[in-house]
Amino acid sequence: MITLYWLSQIESADRLWVGEKAWILSQLKKKGYPVFPGFVIGSETWGEFLGRLDDSTSLLADFPTSSLYFDVDNFRSLQLAAQQSRQAIVHTYFPDQWRKIIAQAVEQLPSNFLIVQGSLGNSLGIKQEFANLIVPQVCKKLPQDLELAIKQIWCQLLSAQSLFYGQRMDISIEKLNLGVLVQPLTNVIVSSIVTVSPKTFEIQATWGLPQSLWGGEVLPDRFVFDRTTSLVIDRELGNKTRAYRLENKDVSRDVNYLESPLGAYVLSSPQQEQYCLDESILSQIYPLLEDLSQDELSWSSLEWTWLESEHSQLPTLAITEIIPGVSSSQVHPLSFRKQPIIVENQPLLRGIGAAPGRTQGLIQIITGEIAPSPPSSQKSVIVTKEIHPSQLPLLKQAVGVITEQGGMTSHAAILARELNIPAVVGVSRATKLLKTGDSIILDGRSGTIYYHTSPQNDISLTFSLNSREMSSKLSYPIATQLMVNVSQPSSLVKAIDLPIDGIGLVRSELMLLNLCSPKSLEQWLHESEPTQIVEQICECIREFTTSFTPRPVFYRSFDGQSCQGINATVRGDCRGTASYLLNPTLFDWELRALAQVQAQGFHNLRLILPFVRSVAEFRFCRHRVEQAGLMESKTFELWIMAEVPSVLFELEEYVNTGVQGIAIGTNDLVPLLFGVERDNPEFSDTAQPCPIVLKKVLKQFIKKSHQLGISCSLCGQAASQYPDLVEDLVQWGITNISVETEAVERTYQAIARAEKKLLLEFIRQQRKN
């Protein structure tokens, strides 16, 4: 029989069966403190459920009648035992009577969502670290969802990690009493953790549900109350970029899988820049904390939430967990939360993971455009507002990059990915919160930054497969061409052996940064002789064409403020080909360099014109290309970047004027399409699906290119950011996809899957016919 205990009715005799977390909350609720209602499925039910298992292959075959025997040092064996046990639990259904009781109980909870937590009894002296290994589950208020969430809690007690920790802490897993606490969950305005000391209350708070605090995904706001005066004696604005809320997702009905209705979102700039607790809320919190401190219950920390006002059935301010007093030898309540982390410390800062890899190094703060001399140490992590041209030499010697501004498509992110340097961008106030000389660990995939406090455990820079290993691994053929985007000749060593069909994009503006460094582009163009500039550009381009002959190399001419860089008296719109009309000097130098490379026998060279906004701009540029003699080579092709949405509607006219191909640049197309800044954080979130509108535009570009008989490439970040998009691109008939070197492997695999699927569908259709 299933045993339920309502929080408001738990007695002293029930303490062992409901567990400490539920017991403490029940005592608070009975005393009138604000605690959500809820019920506990007692540990007797857990024991009875185990008796229903009939899977002889699982770790639980004889449990709980006999002890568990396993070798925790044999990780593979431990993982297998845990997996088999989980399958046994998930596939054993609740009796109909249990389901009826649960359904009746759930209907009494005032919310459409539930949070389900483990509540362990402390008869064995269980430490807080072990209890926190059981991660809460969030689900919709549906009996079948709750059943699976309860099973997920039970499964975690027998996870490989719990079994390992249990044996190391000398805890007999088979003797544990595990209650399951079920409470309503709703969206909240603020979540907070409070720690108490004899003289102060310290509050750490952030926007939204507490998952961002548990996972260390934000640096919360900090407030310190002086208990003698009841005044706030210290406050510090945190770094809050991300929050969680409940969403009405269509969750899976798969009996083996529970999709959480939690959704992450990027906080607005005003929310990031203001404290999440104002004086009115703080004034209500202090009396509650003082009352609790006078209570006979000894506590070290508690969690509370501030609710949205429309949920009148629930308290506006609610205590969600309270942790009893611990000795100083035990961990700080924030240092070991519900979600285990990969290093010894709680994450310090979080931003957008812009270049994968994990590294450790010493912070070097750069506050201006002029970079200091490269440090003697080769383990520096650059922290700056944004990357400037003068900082390129320093960037090449760094082991990591952190910037306050920018997103996945910023110059810092693009260069870091090409140079294989882990990077985190969009880290608000990084130059203020970090200090030169601090040792940190930077994870460029998750966008997380940690303090590094164990010098004996230095972390080496980690990368994925090298190009030769990747080529042997990706030996199966694909029909869709796959190319790479590069800008630095030093990248050729890594790119030359990749399983690719050529260079789809040479970003000339970043290439020129390398040529002019340490000078600014303006200084270099102004102080150097034209013949010297042409020769340097020619030499650099020749490195790309030589390495990839006979594979094609698509060189994109300069896309930036070239007109003002050469002649400061010129004023006007200087982006892309518009700048060539105002002052074609640099463009002509580039064409002379391309012509010299072509004359030296390299006929694999192609030219892409950047940010073209009108047919008149293209016609002007095509005339200068013809004057340079480039069109005389039969293999030469003149393309344009399809970045401005209007190109789609005038594509036929462009083709009639001489355009031989288009390269869709999503890094600029996306912000122009949606009317946002290029580095808007919302368009850097890799967890978000590809926008439907973007898919429609890309499909039209590809279909129209086919109709007009020209090639069509995609060379922006979208193919890497939205892996599922690759299948659509292949199905629509994209000519080639060009990505950064770090994305080659996963893009290759995505293309192969898409082509195999199309081939299989074709074969099946042929059989039907």
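**Exercise 1. State how many helices and strands the protein has, and what share of its residues is buried.**

Solution. The model is predicted. Counting secondary structure gives 30 helices and 29 strands. Of the 769 residues, 56% are buried.

**Exercise 2. Give the strand order of the open sheet of five strands, and find its edge strands.**

Solution. Step 1: the order is E1-E2-E5-E3-E4, and the pairing is antiparallel. Step 2: strand E1 (4-6) and strand E4 (137-140) each pair on one side only, which makes them the edge strands. Step 3: from one strand to the next, the twist averages 30°.

Strand E2 (residues 39-41) and strand E5 (residues 178-185) run antiparallel and are joined by three bridges. Val40 stands opposite Leu181 in E5. Helix H2 (residues 20-30) packs on the sheet and touches E2, strand E3 (113-120) and E5. The direction of H2 makes about 110° with that of E3.

**Exercise 3. Classify the packing of helix H5 against helix H7, and describe the residues in contact.**

Solution. Step 1: H5 (residues 96-106) and H7 (residues 143-157) pack at an angle of about 110°, and their axes are 10 Å apart. Step 2: angles of 65 to 115 degrees count as roughly perpendicular, so H5 and H7 are roughly perpendicular to each other. Step 3: H5 contributes Arg99, Ile102, Ala103 and Val106 to the contact, while H7 contributes Pro143, Leu146, Glu147 and Ile150. Step 4: sorting these residues gives six nonpolar, no polar and two charged.

Methods. Residues are numbered from 1 along each chain as its sequence is written. This is a predicted model: local features need pLDDT of at least 70, side-chain atom pairs count only at pLDDT 80 or more; totals for chains, interfaces and linings use all residues. Side-chain values use heavy atoms; hydrogens and water are left out. Axes are lines fitted to C-alpha atoms, for helices over the stretch in contact, and angles run from 0 to 180 degrees between N-to-C directions. Helices (H or I, at least four residues) and strands (E, at least two) are DSSP runs, numbered from the N terminus. Angles under 35 degrees count as roughly parallel, over 145 as roughly antiparallel, 65 to 115 as roughly perpendicular and the rest as oblique. Contact means heavy atoms within 4.5 Å. Ala, Val, Leu, Ile, Met, Phe, Trp, Tyr, Cys and Pro count as nonpolar, Asp, Glu, Lys and Arg as charged, and the others, Gly among them, as polar. Buried means under 20% relative accessible area, exposed over 50%, partly exposed in between (1.4 Å probe, protein chains only). Two strands pair if DSSP finds at least two bridges between them.
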